[in-house]
Amino acid sequence: MTKSKGKPKGKAEQGKAGEAPPPDAAHILIQELTATPPEPPGPKRSWWRRAWRVAQVPVLAVFSGLLLGGVLIALTSPEVHAAFQVSVLQGIGTAFAVVFRAYAALFAGAFGDPLKMAAALQSGDPLAIRRAFNPILESMVAATPYIFAGLSVALAFRGGLFNIGAEGQIFIGAITATYVGYALVGLPLIIHLPLALAAGALGGALWGYIPGWLKARTGAHEVINTIMMNYIAFRLSDWLLTGPMMRPDSFNPVSPTIQESAMLPRFFADPIRFHLGFFVALGVAYLVYWFLFRTTWGFNLRTAGANPNAARYAGINTGRWIIITMTLAGALAGLAGTNEVLGVNHNLAMAFSSGYGFDSIALALLGRSHPLGVVLASLLFGTLRSGARRMQVVAGIPIDIISVIQAMILAFMAAPAIIRTIYRLRQPAEAEEEVLVRGWGG
Amino acid sequence: MAPILELRGITKHFPGILANDHIDLTLDQGEILALLGENGAGKTTLMNILYGLYQPDEGQIFVKGSPLEVHQPSDAIRAGIGMVHQHFMLVPVFTVAENVMLGQERMRLAGFLNRAEAAEKVRELSKAHGLEVEPEAYVKDLSVGVQQRVEILKLLYRQADILILDEPTAVLTPQESDELFKVMRSLVAAGKSIIFITHKLREVLEVADRITVLRRGAVVATTTPAKANRAKLAEMMVGRQVRLEVRKAARKPGETVLDIRDLVAINDRRQVAVDGVSLEVREGEVLGIAGVQGNGQTELVEVVTGLRRPLSGSVRLQGQDVTGASPRRITELGAAHVPEDRQRDGLVLPYSVAENLALQTYYRPPFARGVVLQEGEIRKSAEARIGEFDIRTPSAATPAGSLSGGNQQKVIVAREFSRPIRLLVASQPTRGLDVGSIEYIHGRILEKRDGGTGVLLVSPELDEVLELSDRIAVMYRGRIVATVAADRVTKEQVGLLMAGVVPEGIEAQGIVRTVEATL
C-alpha cells in the first residue's frame, strides 16, 4: 500500500460521512501541535532518540530565531553601517563583533558572568556571591509567571480549546489574591499564604469558567469569549485600582501592600527577589503532568480534545469537560497573576502583567503543550527577558529585539515545514507510514 | 490494430516497498478493463503513474502505438487520458457547467466567461451518454453519485478517449452503481476506453470486458468474466482460498435484548429521519437493516447507542428503559457499538493502539485504580488483544492513525468484542475494507451471535445484510417498510423494498407497513 493511496481514501471516507461539521482551523492547529510524531516500526529506539524526535523542531526553531535575530542586530547597528563605509571586510568583522557582544551580554544577563561567579566563589564574600548569581536567579523569577500561564494555555490545548484569555485570568487572579493578601490581617503565614494562593486560583478559575460554560451550553466560540473576558478584566482592574482597591494614602492607582504573611518567602536578602513561587510552579507543572497523563480525568480531557466525537462515543460528557478544562486553565493563569503579586510586586498596579498571558500562547506551542516542554520554554523566555535588560545597558541593543526573536521562534514553530526543509529533517515517519498502512490478510 | 494504451514494465519503488513490479498492461479501443486488487496491491500507484502524478522508476507508456512521456497530468490530458479520482476534484460553490469548463474556460469578448455555451455543451454531452445532470445546479447541492457524473463530464468535455475510474463505486449506493455501469457501457459503445479500478468482485464480473488482477504490485493474471467467477478472482487477489459465502449455524434466538417502540428522531438538519420505527432484536440473532444510505439508519443507530436524543418513542435494553440515556450507561448495560465512521467516532487517531483499545473501559478496574490510570494493565491487555485479533501493528504504543483501515477496524472490533456484551450494534462494519478483512470481521460477528449476543447490523451493502442476517428489516424514508426472514427473500425483492416498492409474492409474514402508508 502506498501513501498516496491511503490518504485520499481516508479523505473520501471522511467526506462521505458528511454530517460532522468540518473542524475549524483552530482545532486543526491544536491537533497539529499536540500530536506526538508516530513511532517508527522496528527495534525500539533509545529514549534520547525519541526525545530528540519530539524536541528537534522546537530546538531548531530557537536556534534559527537567535540566528535571524543576530542578522537583525547587525543590520540595525549604526556601528556596523559605519564600518561598511570603510570596507566590506571591516563591515563583516564589525557585524560579527557587534552580534557577539550583544549575545554575550544577553547570556551574561541571563545566567551571570562566569568569571565573576568564579571570582566571587573564591573570595568567599557572601554579598559578592549573591550578586554574581543574581542574574540566573532573576531569570527564574521571570520564568515563573510564564510557567503558570503556559501551563494554562497548554492544558486548554490538550482539551481542544484555545485559551486566549490567560491575560484576563491573570488580572483577575491577581486582584483576588491581592485583596485576600491585604484585607485579611493577623493570620499566620501557614494559613494566609495558601489562602491567598487559593483566592488567586479561584479568581482565574471563575474567569475561565464563564467562557467554558458559554461554549458548552451555547456553542459560543471560546476564542471570541476569552478575548472579550480579557477586556472586562482589564477595565475591572482599572476601576478597582482607581476606586475600591486604591491605596488610601496614594494618588497613584496602586493597591495597598499585602500583609507579610501572604508574601511568597524569598530565599535571599534584597535585592535578590528569587522566591518560593518558582518551586510552586514546578510542583504545579508536575501536578498538571500527572493529571493529564496519569489519571482518568486527564484521559477524559485529552480525549474530548483530540476527538470530541469519539469522546462522546466513549461515554465522556464533552460539554462538562469543556467547562472543567477552561476552569482549570483559568485557575492556572490566575496563579500566574497571584505569583507576581505575592512573590514580586507585593501589590497590584495597573498593567502589571506586561503580556504574560499572550506570550504564554507562544510558550505552550513551543513546549508542544506538554508540561515539561512548557517549563523548558518558560525558562528560555525568562532568560531572554532578563538577559535583554543587560543587553540593552551593555551593548545598546534595544530590548524590543527580544520580542522580535520570540516572534521568529514562534513563526518557525507554527511552520515546522520550514524548519524541516532548512535542516533537511525527515518528514515525521512519512516513509515508515507507507509500510504501516499496508493491508493485512493479503 | 495497436491497443489504444499499453504499459510495458512499469516499476515504482517507494521507501521500503515495491509498489509496482514490472507491470505490463494493455487496453484496447472500446473496452472496459477492470483492474482488480486488494487495498495496497498497487492499482492506484499504477494509475497515478499513467496520469503523470508519479514518475516510474522503469518502464514505458504507449498510446496508440507511439511512446508517451508523462511528466505531469497535463501531458496525460493532452494524450486523451482522463481520470476520476476517489476523492472528487470539484469546486462546491461553482455550478456544474463552471466546474466542467474549469481549466478550459470558454470566453466571450473582453474575457467574460461564456457560461451559456458551456452549459449547452454539458447538456449535449450528458444527453449523449445518459449522464443526467443540470448544468446550472451548484455542485454542493448534488448527491455524491451526481457529482461523480460531473467528474466524468469533465473528462468528456476535454475529449478524453481513455477514462480511468479509481474505485468509482466506493462512494455509491447499489442503485447509483448500476446507473454508473450503464453510463460506462454507453461510453465504450461510443468508442471510449475505460480502466475501472475496484476490489469488488461482483462489479468486475458485471461490467468488465477483461480483468487484470494485481497482487503485491505485480500482475498475477488477466482473464475475462466468462472464464472467471468470484471465488477464482478472490483467490487470485488474495493469494489463497477465501470463503465468500458465510456459513451460518441454525438460529436459536432467545430473549429480547433490544426493544424499540415507535421511535421518532430528527437529523442534524432538523428533518424527521426516524419516523415511528419499532424493532426487536433477540439473543442469538442478527437483525439486518437494509436500506439505501440516508434513509434514517444512521440516526436510528445513534439513538440506540445514546448519541442522539429521540423526540418520542422508547428504547429498552435488557428490559431497562434507556431512551435518551447516556452512551456510557448504555455501554455499561452490555451494548457494544461498531460505528459507521471509524475515524470520526470509533478511534482517537493520535492515541496509541493500547489507549484506543481501552477507550470504553479505561475508567474501570483493572485499567484505573481510583482515578489513576494503570498503564501497565492497559498495555498488557492491549498486547493480548493484538495477538488474539491479529492486529498488525508495530507495537501497542503505535498511534492508531498510522494503521491501515482494516487494522483500525480490527482495533474497534477487538475493543467492542472483548467485553461481555448482550447487544452488538454494527454499522457498516466492513466499509472500505478488502476481501480478507471482510471475511474476518464477518466471522467474528457470527461468532458473537452464536454465543448468544443480539446483533443489529446496518449496512448499505445488500450482499452483506443478506449473508449475515437472520431477519432483515428494510428501512425507507425513516420507516421500516417490511421485516422479512432472510432465507425467504431474494436479493431482488429486498432491492425493491429498499426503493419503497413492495414486490408481489413476498412472504407477508414480516410486512409491518405498506408503502402507501409511508407516502
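pLDDT is the predictor's confidence in each residue, on a scale from 0 to 100. That scale matters here, as the structure on screen is a predicted model.

**First stop: confidence along chain A.** Colour chain A by pLDDT. The chain averages 84, and 86% of its residues score at least 70. Next, select residues 1–23 of chain A, where the pLDDT is below 50. Beyond near neighbours in sequence, residues 1–23 have 46 contacts in the model. Then select residues 37–43 of chain A: here, too, pLDDT stays under 50. For residues 37–43 the model has 19 contacts beyond four places in sequence. Where pLDDT is low, the predicted coordinates should not be read in detail.

**Second stop: a pair of helices in chain A.** Select residues 126–158 of chain A, which form helix α7, together with residues 166–183, which form helix α8. Two packed helices are described by the angle between their axes and by the distance between those axes. For α7(A) and α8(A) the angle is about 130° and the axes are 10 Å apart; the two helices are therefore oblique to each other. Their crossing is right-handed.

Which residues of α7(A) and α8(A) meet? Display Ala149(A), Ser152(A) and Val153(A) on α7(A), and Ala166(A), Gln169(A) and Ile170(A) on α8(A). By class, this contact comprises four nonpolar and two polar residues, with no charged ones.

Show chain B as a cartoon to view its 18 helices and 22 strands. The radius of gyration of chain B is 25 Å, close to the 24 Å that the globule rule gives for 519 residues, so chain B is as compact as a globular protein of that length. Along the principal axes, its C-alpha atoms fill a box of roughly 70 × 55 × 50 Å.

Notes: Residues are numbered from 1 along each chain as its sequence is written. Chains are lettered from A and ligands numbered from 1 in the order in which they are written. This is a predicted model: local features need pLDDT of at least 70, side-chain atom pairs count only at pLDDT 80 or more; totals for chains, interfaces and linings use all residues. Axes are lines fitted to C-alpha atoms, for helices over the stretch in contact, and angles run from 0 to 180 degrees between N-to-C directions. Helices (H or I, at least four residues) and strands (E, at least two) are DSSP runs, numbered from the N terminus. Angles under 35 degrees count as roughly parallel, over 145 as roughly antiparallel, 65 to 115 as roughly perpendicular and the rest as oblique. A crossing is left-handed if the near helix is turned anticlockwise from the far one by less than a right angle, and right-handed if clockwise. Two residues are in contact if their C-beta atoms, placed from the backbone, lie within 7 Å. Ala, Val, Leu, Ile, Met, Phe, Trp, Tyr, Cys and Pro count as nonpolar, Asp, Glu, Lys and Arg as charged, and the others, Gly among them, as polar. The radius of gyration is taken over C-alpha atoms; the globule rule is 2.2 Å times the number of residues to the power 0.38.
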